[in-house]
Amino acid sequence: GFTIHMPKTYYQKLFKPYNLHQNCNPLSTPGAKRPPLPTDTTLLSKTEHAQYRQTVGQLLWLSSIRPDIQFAVKELSRALTAPTQYDQKAVKHLLRYLSGTTDFGLRLRPKLSNRPLLQGYCDADWAGCVTTRKSTTGVLVTLADSPLCTTSRTQTTVALSSAESELYAIGTTVSDLLHLNT
């Protein structure tokens with residue numbers, strides 16, 4: 001097998017605008033499990049907004065090989081049109097997590113087995129967003145026991161029960177499997 005990871009220089013460029021490349025105390029989680037309601041709703045200045053958008057774009061690119069940050073990046077992406085100081089703090093939290101995990105990547109170890117080559121796994125939280133009460137679906141699709149596709153998506157409708165939320169997650173996973181199988 002082998003591991004796909006970003007070079008250290010990519011992380012250094014990501015940290016530089018936030019002055020986190022020097023003496024940064026790394027955090028053990030990419031973000032809060034269930035973020036509280038925002039307390040500081042002051043909008044960012046134009047330059048801070050541009051920097052926020054650029055950073056989130058870089059984090060989106062990085063999340064393609066770092067499934068551990070996909071949920072946090074999804075949450076940051078929701079604020080791209082009007083980010084606040086609260087969102088800026090969430091970016092810094094994620095960057096501090098990344099500062100301690102720059103050697104993480106996507107490990108691929110394909111192996112042949114009697115199981116189907118293409119498999120899907122999913123999970124959902126129920127009403128995880130405190131403002132919209134929408135749920136989040138997490139999907140992992142493997143090919144020969146190696147991760148092929150991972151996603152974290154906000155469900156488009158509000159589920160009335162945890163079972164309904166899980167059912168939407170299953171539908172998303174089947175859709176991904178059908179797309180990848182064609």
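A residue is called buried when its relative accessible area is under 20%, exposed when it is over 50%, and partly exposed in between, with a 1.4 Å probe and protein chains only. By this rule Gln51, at 21% relative accessibility, counts as partly exposed.

The model is predicted: local features need pLDDT of at least 70, side-chain atom pairs count only at pLDDT 80 or more, and totals for chains, interfaces and linings use all residues. Residues are numbered from 1 along each chain as its sequence is written, and side-chain values use heavy atoms, with hydrogens and water left out.

Helices (H or I, at least four residues) and strands (E, at least two) are DSSP runs, numbered from the N terminus. Axes are lines fitted to C-alpha atoms, for helices over the stretch in contact, and angles run from 0 to 180 degrees between N-to-C directions. Angles under 35 degrees count as roughly parallel, over 145 as roughly antiparallel, 65 to 115 as roughly perpendicular, and the rest as oblique. A crossing is left-handed if the near helix is turned anticlockwise from the far one by less than a right angle, and right-handed if clockwise.

| Helix pair | Axis separation | Crossing angle |
|---|---|---|
| α1 (residues 8-15) and α2 (residues 46-63) | within 10 Å | roughly 155° |
| α2 and α3 (residues 70-77) | within 10 Å | roughly 150° |
| α2 and α4 (residues 85-99) | 11 Å | about 40° |

For the two terms that follow, contact means heavy atoms within 4.5 Å. Ala, Val, Leu, Ile, Met, Phe, Trp, Tyr, Cys and Pro count as nonpolar, Asp, Glu, Lys and Arg as charged, and the others, Gly among them, as polar.

Helices α1 and α2 are roughly antiparallel to each other, and their crossing is left-handed. On the α1 side, the contact is made by Tyr10, Tyr11 and Leu14, and on the α2 side by Thr55, Gln58, Leu59, Trp61 and Leu62. Of these residues, six are nonpolar, two are polar and none is charged.

Tyr52, Val56, Leu59, Leu60 and Ser63 of α2 make the contact with Gln70, Val73, Leu76 and Ser77 of α3. The residues in this contact comprise six nonpolar, three polar and no charged.

The axes of α2 and α4 lie 11 Å apart at an angle of about 40°, which makes α2 oblique to α4. The crossing of α2 and α4 is left-handed. Here Glu48, Tyr52, Thr55, Leu59 and Leu62 of α2 meet Gln85, Asp87, Gln88, Val91, Leu94, Leu95 and Leu98 of α4. This contact between α2 and α4 has seven nonpolar, three polar and two charged residues.

Rings of Phe, Tyr and Trp (its six-membered ring) pair if their centres lie within 6.5 Å; planes under 30 degrees apart count as stacked, over 60 as edge-to-face, and the rest as tilted. A search of the whole structure finds two aromatic pairs. The ring centres of Tyr10 and Tyr11 are 6.5 Å apart and their planes stand at 85°, so this pair is edge-to-face. Both Tyr10 and Tyr11 are buried. For Tyr11 and Phe15, the centres are 6.2 Å apart and the planes are at 35°, so the pair is tilted. Tyr11 and Phe15 are four residues apart in helix α1 and are therefore separated by about one helical turn. Both of these residues, Tyr11 and Phe15, are buried.

## The loop between α1 and α2

His21 lies in the loop between α1 and α2 and, at 39% relative accessibility, counts as partly exposed. Leaving aside neighbours within four places in sequence, His21 is in contact with Phe15 and Lys16. His21 and Leu95 are 74 residues apart in sequence, yet their C-alpha atoms are 9.6 Å apart in space.

Gln51, found in helix α2, touches Pro17 and Tyr18 when residues up to four places away in sequence are not counted. The C-alpha atoms of Gln51 and Pro17 are separated by 7.9 Å, although these residues are 34 apart along the chain.

Asn19 is also placed in the loop between α1 and α2. Asn19 has a positive phi of about 55° although it is not a glycine, and at 60% relative accessibility Asn19 counts as exposed.
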